[in-house]
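Subject: Structure handover

Hello,

Here is the structure for you to take over. My notes on it follow below.

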Amino acid sequence: LHKTVYVLFLLFQILGAVILGFGIWILADKTSFIAVLQTSSPSLTTGAYILIGVGALTMLMGFLGCLGAVNEIRCLLGLYFTCLLIILLAQIAAALVIYFQKDTLKGELSNVVSILIQDYDPADEDERNLRDAWDYVQTQLACCGWNGAKEWENNEILKNKSNTEYPCSCSNRSKDLVEGRGFCSLEDSVNGTVTSADWPVHEQGCMDGVEQWLKDNLGVILGVCTGVAIIELLGMILSISLCKNIHSEDYTKVPKS
């Protein structure tokens, strides 16, 4: 029984470390789509802190649960069960909130990207991390803007230059992607007014690419969440079983009158 206890609670130490690391990664990542998501929804940053707290608590509860099981301390096992129940309910609540607010998050993200594109300035060091994150998204997904390249016509710098430049990260030419940031100049002259249709860029907006990425990885995300929930349920069942065994053993040790 003790070997089973050690293995299960070791899983909780690993699980807690994974959750803790994931939360830290969300806060620390400034060069991918996560950075854009943090800007579009402050709740993501709050969620990252919650993940860090849950991960640390899971690791602590794993230690206390193991200590309670080995030394047959019922109060520690009861505390372990209660904390696992709270964590599980919190995860379910968070999943429901994300599911029912997905349209709101999508709208917020669209507004943030529109403002980012309009104010995009390679010389502004204060917004460099956010610019680099969006350049990374456009380069990796081979897309331009949120709904399409035409959104870049609203950029103040490009308008002042009569759209004779275009975002390098949108380009469909490999030589422009070497830098992958800032603006590139049109090499060929264009008769009349220059528009985004004259740019050598991808026509597809990034919204479709992001949604497809989420769909492609949905199975992995659901699988991980399901695995975490199963491990937590096993921990709760084991803690209850150990509590009953301790109670039974204590009862049999009571001297008969």
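Is W152 buried or exposed? At 0% relative accessibility, W152 counts as buried; here buried means under 20% relative accessible area, exposed means over 50%, and partly exposed is in between, with a 1.4 Å probe and protein chains only.

Some ground rules before the rest. This is a predicted model, in which local features need pLDDT of at least 70 and side-chain atom pairs count only at pLDDT 80 or more, while totals for chains, interfaces and linings use all residues. Residues are numbered from 1 along each chain as its sequence is written, and side-chain values use heavy atoms, with hydrogens and water left out.

Aromatic pairs

The structure holds four aromatic pairs. Rings of Phe, Tyr and Trp (its six-membered ring) pair if their centres lie within 6.5 Å; planes under 30 degrees apart count as stacked, over 60 as edge-to-face and the rest as tilted. One of the pairs is Y120 with F183: the ring centres are 5.3 Å apart and the planes are at 55°, so this pair is tilted. Y120 lies in the loop between α5 (102-119) and α6, and F183 lies in strand β2 (residues 183-185), so the pair ties together parts that are 63 residues apart in sequence. Helices (H or I, at least four residues) and strands (E, at least two) are DSSP runs, numbered from the N terminus. Y120 is buried, with a relative accessible area of 2%, and F183 is buried at 17%.

F183 also forms an edge-to-face pair with W152, at 6.3 Å centre to centre and 85° between the planes. W152 is in the loop between α6 and α7 (156-160), so its pairing with F183 in strand β2 ties together parts that are 31 residues apart in sequence. Y120, W152 and F183 form one aromatic cluster. The charged end of R131 sits over the ring of Y120, 5.9 Å from its centre; the rule for this is NZ of Lys or CZ of Arg within 6 Å of the ring centre and within 35 degrees of the ring normal.

Helix α6

Helix α6 covers residues 128-141, and at 1.5 Å a residue its 14 residues should span 20 Å; the end C-alpha atoms are 20 Å apart, which agrees. The expected span is 1.5 Å times one less than the number of residues. Among the buried residues of α6 are L130, R131, D132 and W134. Just after α6, A142 takes a positive phi of about 50°.

Salt bridges

A salt bridge is a side-chain nitrogen of Lys or Arg within 4 Å of a carboxyl oxygen of Asp or Glu. By this rule the count is six. One of them joins R181 and D132, at 3.8 Å from N to O. This pair links distant parts of the chain, with R181 in the loop between α8 (174-177) and β2 and D132 in helix α6, 49 residues apart. R181 is partly exposed, with a relative accessible area of 35%, whereas D132 is buried at 17%.

K159 and E156 form another salt bridge, their closest N and O atoms being 3.7 Å apart. Both lie in helix α7, three residues apart, about one turn of the helix. E165 bridges to K161, with the closest N and O atoms 3.2 Å apart. Salt bridges that share partners join E125, R128, D132 and R181 into one network.

Disulfides

A search of the whole structure finds three disulfides, each a pair of cysteine sulfur atoms within 2.5 Å. C143 and C206 form one, with sulfur atoms 1.9 Å apart. The torsion about their S-S bond is about 90°, so this disulfide is right-handed. C143 lies in the loop between α6 and α7 and C206 in helix α9 (residues 206-252), so the pair ties together parts that are 63 residues apart in sequence.

C144 and C170 form another, with sulfur atoms 2.2 Å apart; both residues are buried. The sulfur atoms of C168 and C184 are 2.0 Å apart, and with 120° about the S-S bond this link is right-handed. With the bonded cysteines of the chain numbered in sequence order, the pairing is 1-6, 2-4, 3-5. C75, at 57% relative accessibility, counts as exposed.

Regards
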